[in-house]
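The stops below are meant to be followed in order.

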Amino acid sequence: MTKQWEGTSQPPRAAAVARFLGVLSAVGVFVIYLAGLAVSYRAAGGLDVEVSDSPTWLYPVVVVGLVIVGSLGLVAATIDPRRTSRVYPWILVGIGTITQIVFGLVLTEQALDPRNIAVIVLPPFTAALSIAEFARELRNLLRQQP
């Protein structure tokens, strides 16, 4: 016989543990996202090209900024069901991620063996994937009742 707890099929302790694990997962995924962006920024920070009088540190800020803005749009679109499009935020995340990968591959001073390629490609790719998981975890946490 299944006992019901205030309209849910979970006992209060299980619901609290599930909520705690959801928060922990969301925080963990967000930390991975930030780490991926930081490593990607550092790789793109090697861009040593002078274009007019622009400081070179702004180039990676713009590229990583695309990923951040797209990520925020993706999180907002995932949380708010009234938003109609998730395509545009994904396009921004995709363009920023691909640009970060290209920057990393072009600017590396090391040989492009499989290990180095993995080290260059994984951080921006992981950041892009983790923001989707973060949005999903956040949506689930907001959907749960206190």
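**Whole chain**

Start with everything selected, and keep in mind that this is a predicted model. The chain contains 4 helices and 0 strands, so that reading along the sequence gives the pattern α-α-α-α. Color by burial next: of the 146 residues, 28% are buried. With a surface displayed, the accessible area is about 9,700 Å², and carbon and sulfur atoms hold 67% of it. Among contacts with a separation of 6 or more, 66% link residues 24 or more positions apart.

**Helix H4**

Select residues 114-143, which form helix H4.

Move to the N-terminal end of H4 and show the side chain of aspartate 113. This residue caps the helix, with a side-chain oxygen 3.0 Å from the backbone nitrogen of arginine 115.

Then go along the helix to leucine 122, where H4 bends by about 35°. Proline 123 follows within four residues of the bend.

Now color H4 by burial. The buried residues of this helix include Asn116, Ile120, Pro123 and Pro124. Further along, Ala127, Ala128, Ser130, Ile131 and Phe134 are also among them, as are Ala135, Glu137 and Leu141.

**The largest nonpolar core**

Select Tyr33, Leu37, Val75, Ile131 and Phe134. Within the largest nonpolar core, which has 13 residues, these five touch the most other members. At least two residues of this core come from each of helix H1 (12-44), helix H2 (58-79) and H4. The greatest contribution is that of H4, which gives 5 residues.

Center on isoleucine 131. Apart from residues up to four places away in sequence, isoleucine 131 touches Tyr33, Ser71, Leu74 and Val75.

**Serine 130**

The last stop is serine 130, also in helix H4. Is serine 130 buried or exposed? Its relative accessibility is 6%, and because the cut-off for buried is under 20%, serine 130 counts as buried. Which residues is serine 130 in contact with, leaving aside neighbours within four places in sequence? Show Val29, Ile32 and Tyr33, which are its contacts on that basis. Tyr33 is also touched by isoleucine 131.

Key
Residues are numbered from 1 along each chain as its sequence is written. This is a predicted model: local features need pLDDT of at least 70, side-chain atom pairs count only at pLDDT 80 or more; totals for chains, interfaces and linings use all residues. Side-chain values use heavy atoms; hydrogens and water are left out. The expected span of a helix is 1.5 Å times one less than its number of residues. The bend at a residue is the angle between axes fitted to the seven residues ending there and the seven starting there. Buried means under 20% relative accessible area, exposed over 50%, partly exposed in between (1.4 Å probe, protein chains only). A polar contact is a pair of N or O atoms within 3.5 Å; within protein, one must be able to donate a hydrogen and the other to accept it, and residues adjacent in sequence count only if both atoms are side-chain atoms. Contact means heavy atoms within 4.5 Å. Accessible areas come from the Shrake-Rupley method with a 1.4 Å probe; for residues, only the protein chains shown count as cover. A nonpolar core is a set of buried Ala, Val, Leu, Ile, Met, Phe, Trp, Tyr and Cys residues joined through side-chain atoms within 4.5 Å.
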